[in-house]
Amino acid sequence: MYNGGMGNMQGMMKKVQKMQAEMMKLQEELKTRTIETSVGGGAITVVASGKKEIESIKIKPEAIDLDDVEMLEDLIVTGVNDALRKIDEMTEREMGKITGGMKLPGI
């Protein structure tokens, strides 16, 4: 008869609780980080926080062409999407250090 089942279960629960605490701490720390990305050869620079909030958008004057506003709009959208993608990648990479690369729903 196997008697180690409860001890193993308690040990596993402690590990899960520790992982949860580490993940919560990391999630808070990631919110304070920022990502900066540039598009259009540096014409547009976007800074986003780990909370997925845009902190700033810088536009070089030479990127502004009143005859081609659509290009500027496209560059801004591209820059914002790139910054948000980089936030997701950073979060996934840092969480992977805690989870051992396991994909956990909602994280």
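Which strand gives the largest share of the nonpolar patch? Strand E3 (residues 54-59) does, with three residues. The model is predicted: local features need pLDDT of at least 70, side-chain atom pairs count only at pLDDT 80 or more, and totals for chains, interfaces and linings use all residues. Residues are numbered from 1 along each chain as its sequence is written, and side-chain values use heavy atoms, with hydrogens and water left out.

**View 1. A nonpolar patch on the surface is formed by Ile54, Ile57, Ile59, Ile64, Leu66 and Val69.** Together these residues have about 520 Å² of accessible area (Shrake-Rupley method, 1.4 Å probe, only the protein chains shown counting as cover for residues). Patches are made of residues with over 30% relative accessible area and no salt bridge; like charges are joined within 9 Å, nonpolar side chains (Val, Leu, Ile, Met, Phe, Trp, Tyr) within 5 Å. Ile59 lies in strand E3 and is partly exposed, with a relative accessible area of 34% (buried is under 20%, exposed over 50%, partly exposed in between; 1.4 Å probe, protein chains only).

**View 2. Three strands form an open sheet in the order E1-E2-E3, with antiparallel pairing.** The edge strands are E1 (34-39) and E3, each pairing on one side only. Strands are DSSP runs (E, at least two residues), as are helices (H or I, at least four), numbered from the N terminus; two strands pair if DSSP finds at least two bridges between them. Six bridges join E1 to strand E2 (residues 44-49), and Ile35 stands opposite Ala48 in E2. Five bridges join E2 to E3, where Ser56 is the bridge partner of Val47. The hairpin of E2 and E3 has four residues between the strands, and Lys52 takes a positive phi near 65 degrees there.

**View 3. Helix H2 (residues 69-99) lies across E1, E2 and E3.** Contact means heavy atoms within 4.5 Å. The helix runs at about 145 degrees to E1 (axes are lines fitted to C-alpha atoms, for helices over the stretch in contact; angles run from 0 to 180 degrees between N-to-C directions).

View 4. Arg85 is partly exposed at 40% relative accessibility.

**View 5. Salt bridges link Glu29, Arg33, Glu94 and Lys97 in a network.** The side chains of Glu29 and Arg33 meet at 2.8 Å, N to O.

Note on methods: A salt bridge is a side-chain nitrogen of Lys or Arg within 4 Å of a carboxyl oxygen of Asp or Glu.
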